[in-house]
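Me: I have a structure open and would like to learn how to read it. Could you take me through it feature by feature?

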Amino acid sequence: MSTAVWPPIGPRKLAAEQAASQARELDWLLVQLRETLQSLKAGLEECAALLTPSEHGSTLVLSSVRSESLKGLVTRVGTRIVKGNVKLRMASLPPPRGSPTFDLTISSAAQAPTLTVQQLTAVRTSINSCLDVIDVTTWTGDATNANFVAGQLRLLHDSLQEARQALKGYSDVQPPWWENALDEKTFDPPLPPNVSFHLFVFDAALVLEIRTLELQHAGEETHSGFSIRDRLAVALGGVRPPNHDEADRTFTYKAQEVRVKEKIRVETQDPALISAMAKLNALEHSLGLSRKALGIVMGRDD
């Protein structure tokens, strides 16, 4: 099946009519994109509200799977952890006399350092950047200029993608645990020097990793994560050190070479973060369709 113009017109006039038709379509699309931007803005504001500090915050349960190694609660208010108590049962971290567990409690003192989840701060910053781009596109720039709008949509997509990736966990916003040592005064009593407390976001879930550390002395040989001292202790009937995915590695933590004796990882689902993740995915998909439509009408099929 084919289409033709009737009555027939010359090639030059046909090209002019096609250009005029494409210009009208572009004008119509730019008007529609204003409504799309307002819809995106409403969705982004909903995401920002999910990360805004509320009166009571979100209290999340921490529990190790099929063991009593870690039990606790943390309260998230916006991007900060304001309350928390974690009870540990670890072979390498004996509890104080008279207590069945070793407790880590986030300090409530006014002068105590704030425990902030850096990825959530990055998500809020990226969302605010998205809102700024929409405001500039709508009120400051020339919303009838297709090249300007296309550039703004590209900036909006970049910021939106940064927010989603930070919440997903595939981001360099959160440094690795050995480069992100918490101030021991964040806890009351202070965090022991041989314990690493690492809190981060992965797949819109809050993840806590607790590690007990041991100094790696110069020249000390390790084999499959165990030093000569450990292997000798096991040979004499001692308890075999727990195995984990970092047992055969050495890290530089607080300017010292250390190895991980024991490691616990727990995840807790945060409904607000899951909702924000779903909204960001939907917004990115909608924005991608708008960018593709604008690119086609502008003749940028790439």
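This is a predicted model: local features need pLDDT of at least 70, side-chain atom pairs count only at pLDDT 80 or more; totals for chains, interfaces and linings use all residues.

Me: How many helices and strands does the protein have?

Reply: Helices (H or I, at least four residues) and strands (E, at least two) are DSSP runs, numbered from the N terminus. Here there are five helices and 11 strands.

Me: What share of the residues is buried?

Reply: Buried means under 20% relative accessible area, exposed means over 50%, and partly exposed is in between (1.4 Å probe, protein chains only). Of the 302 residues in this protein, 40% are buried. The protein exposes about 17000 Å², and carbon and sulfur atoms supply 53% of that.

Me: And what share of the contacts joins residues at least 24 apart?

Reply: Contact means heavy atoms within 4.5 Å. Taking contacts between residues at least 6 apart in sequence, 66% join residues at least 24 apart.

Me: Now for the charged side chains. How many salt bridges does a search of the whole structure find?

Reply: A salt bridge is a side-chain nitrogen of Lys or Arg within 4 Å of a carboxyl oxygen of Asp or Glu. The search finds 13. One of them joins Lys-279 and Glu-46, with 2.8 Å from N to O. Lys-279 sits in helix H5 (residues 271-297) and Glu-46 in helix H1 (residues 11-50), so this bridge ties together parts 233 residues apart in sequence. Lys-279 is partly exposed at 29%, and Glu-46 is partly exposed at 41%.

Me: Which residue forms a salt bridge with Arg-211, and is Arg-211 buried or exposed?

Reply: The partner is Glu-246, with the closest N and O atoms 2.8 Å apart. Arg-211 belongs to strand E7 and Glu-246 to the loop between helix H4 (228-235) and strand E10 (251-253), so the bridge links parts 35 residues apart in sequence. Arg-211 is buried, with a relative accessible area of 1%, and Glu-246 is buried too, at 7%. Follow the shared partners and you get one network of Glu-209, Arg-211, Glu-246, Lys-263, Arg-265 and Glu-267.

Me: What about rings? How many aromatic pairs are there?

Reply: Rings of Phe, Tyr and Trp (its six-membered ring) pair if their centres lie within 6.5 Å; planes under 30 degrees apart count as stacked, over 60 as edge-to-face and the rest as tilted. By this rule there are five pairs. Trp-177 and Trp-178 make an edge-to-face pair, 5.8 Å centre to centre with 90 degrees between the planes. Trp-177 is buried at 3%, whereas Trp-178 is partly exposed at 26%. In Phe-187 and Phe-197 the centres are 4.8 Å apart and the planes meet at 65 degrees, so that pair is edge-to-face. Phe-187 is in the loop between helix H3 (146-168) and strand E6 (195-202), and Phe-197 is in E6, so the pair ties together parts 10 residues apart in sequence. Both Phe-187 and Phe-197 are buried.

Me: Which residues form the aromatic cluster?

Reply: Trp-177, Trp-178, Phe-251 and Tyr-253 form one cluster.

Me: Last, the backbone. Which residues should I look at for phi and for a cis peptide bond?

Reply: Most residues other than glycine have a negative phi, and most peptide bonds are trans. Here the peptide bond from Asp-188 to Pro-189 is cis, with omega near 0 degrees, and Pro-189 lies in the loop between H3 and E6. Arg-66 has a positive phi near 55 degrees; its place is the loop between strand E1 (58-63) and strand E2 (70-77), and Arg-66 is exposed at 81%. Ala-204 also has a positive phi, about 60 degrees. Ala-204 is in the loop between E6 and strand E7 (205-215), and at 3% Ala-204 counts as buried.

Notes
Residues are numbered from 1 along each chain as its sequence is written. Side-chain values use heavy atoms; hydrogens and water are left out. Accessible areas come from the Shrake-Rupley method with a 1.4 Å probe; for residues, only the protein chains shown count as cover.
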